[in-house]
Amino acid sequence: MSRTVFPVTKLGYLVVKQVSKPISKTLADRAKTSPVFRSHVIYPLGRLVYRVQVGIKMKEMGLKGRVTKVPKLGDDKLTDMGSQVLAEMLLFSMVGGFLVVAVFLSQGDGLEDKDEEELDLMRLRLKRLDNMIEDQQKAVDHLETNIKLLLKSLKSETDD
């Protein structure tokens, strides 16, 4: 069963593999000097990868059932596998983080245009409201003058 992989994706994976080798070596050296790092981080990752590889090989060979006994792997192999997986995870998470930030920043440009349109619409509405207030103020002034004239005329009629 052969899978067709996009060439760019395969190339990207190979680049990550090559870049992760020095990081993996540094992590392996660190695991050799730190028993806590080795026993709690590197070995469990190495065991997990090894179990997954054994399961995949069993499926490729057409064997059915669960993997119950996996032969033990040496400490050096576990350290190498665990540090390599950890280095690749770190690189993929960094690249993924950069991609998320890039997408977020590129979407921010579109939001500025939308915000600008909304701001223009709000300015237009504010201008209309100002015009309505001016018209209403003129009407109020006109009504006040009419009321004053009516009061004057009523006062002059009552005085006569």
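Me: In which helix is the place of glutamate 117?
Reply: In this predicted model, glutamate 117 is one of the residues of a negative surface patch, whose other members are Asp113, Asp115, Glu116 and Glu118. Its relative accessibility is 57% and glutamate 117 therefore counts as exposed, the cut-off for that class being over 50%. As for its position in the fold, glutamate 117 has its place in helix α3.

Me: What pattern does the protein follow when read along the sequence?
Reply: The protein has 3 helices and 0 strands, and among these helices are α1, which covers residues 7–33, and α3, which covers residues 75–159. Read along the sequence, the protein accordingly follows the pattern α-α-α.

Me: Which helix gives the most to the nonpolar patch?
Reply: The nonpolar patch on the surface is formed by Leu11, Val15, Val19, Ile23 and Leu90, which together have about 400 Å² of accessible area. Leucine 90 lies in helix α3, and with a relative accessible area of 41% it is partly exposed. The helix that gives the most to this patch, with 4 residues, is α1.

Me: With which residue does lysine 25 form a salt bridge?
Reply: The count of salt bridges in the protein comes to 2, and in the one formed by lysine 25 the closest N and O atoms are 3.6 Å apart, which falls within the 4 Å cut-off. The two partners are 4 residues apart in helix α1, so they are separated by about one helical turn.

Me: What is the N to O distance in the salt bridge where the side chains of aspartate 120 and arginine 123 meet?
Reply: Aspartate 120 and arginine 123 both lie in helix α3, 3 residues apart, which is about one turn of the helix. Aspartate 120 counts as partly exposed at 41% relative accessibility, and arginine 123 likewise counts as partly exposed, at 48%. Their side chains meet in a salt bridge with an N to O distance of 3.5 Å.

Me: Is valine 67 buried or exposed?
Reply: Valine 67 is found in the loop between α2, which covers residues 35–60, and α3. Its relative accessible area is 19%, and since the class in question requires a value under 20%, valine 67 is buried.

Me: How far apart in space are valine 67 and lysine 152, C-alpha to C-alpha?
Reply: Valine 67 belongs to the loop between α2 and α3, and in sequence it is 85 residues apart from lysine 152. The C-alpha atoms of the protein fill a box of roughly 125 × 40 × 35 Å. In space, C-alpha to C-alpha, valine 67 and lysine 152 are apart by 107 Å.

How values were computed: Residues are numbered from 1 along each chain as its sequence is written. This is a predicted model: local features need pLDDT of at least 70, side-chain atom pairs count only at pLDDT 80 or more; totals for chains, interfaces and linings use all residues. Side-chain values use heavy atoms; hydrogens and water are left out. Patches are made of residues with over 30% relative accessible area and no salt bridge: like charges are joined within 9 Å, nonpolar side chains (Val, Leu, Ile, Met, Phe, Trp, Tyr) within 5 Å. Accessible areas come from the Shrake-Rupley method with a 1.4 Å probe; for residues, only the protein chains shown count as cover. Helices (H or I, at least four residues) and strands (E, at least two) are DSSP runs, numbered from the N terminus. Buried means under 20% relative accessible area, exposed over 50%, partly exposed in between (1.4 Å probe, protein chains only). Lys and Arg count as positive and Asp and Glu as negative; His and the chain ends are not counted. The place of a charge is taken as NZ of Lys, CZ of Arg, CG of Asp or CD of Glu.
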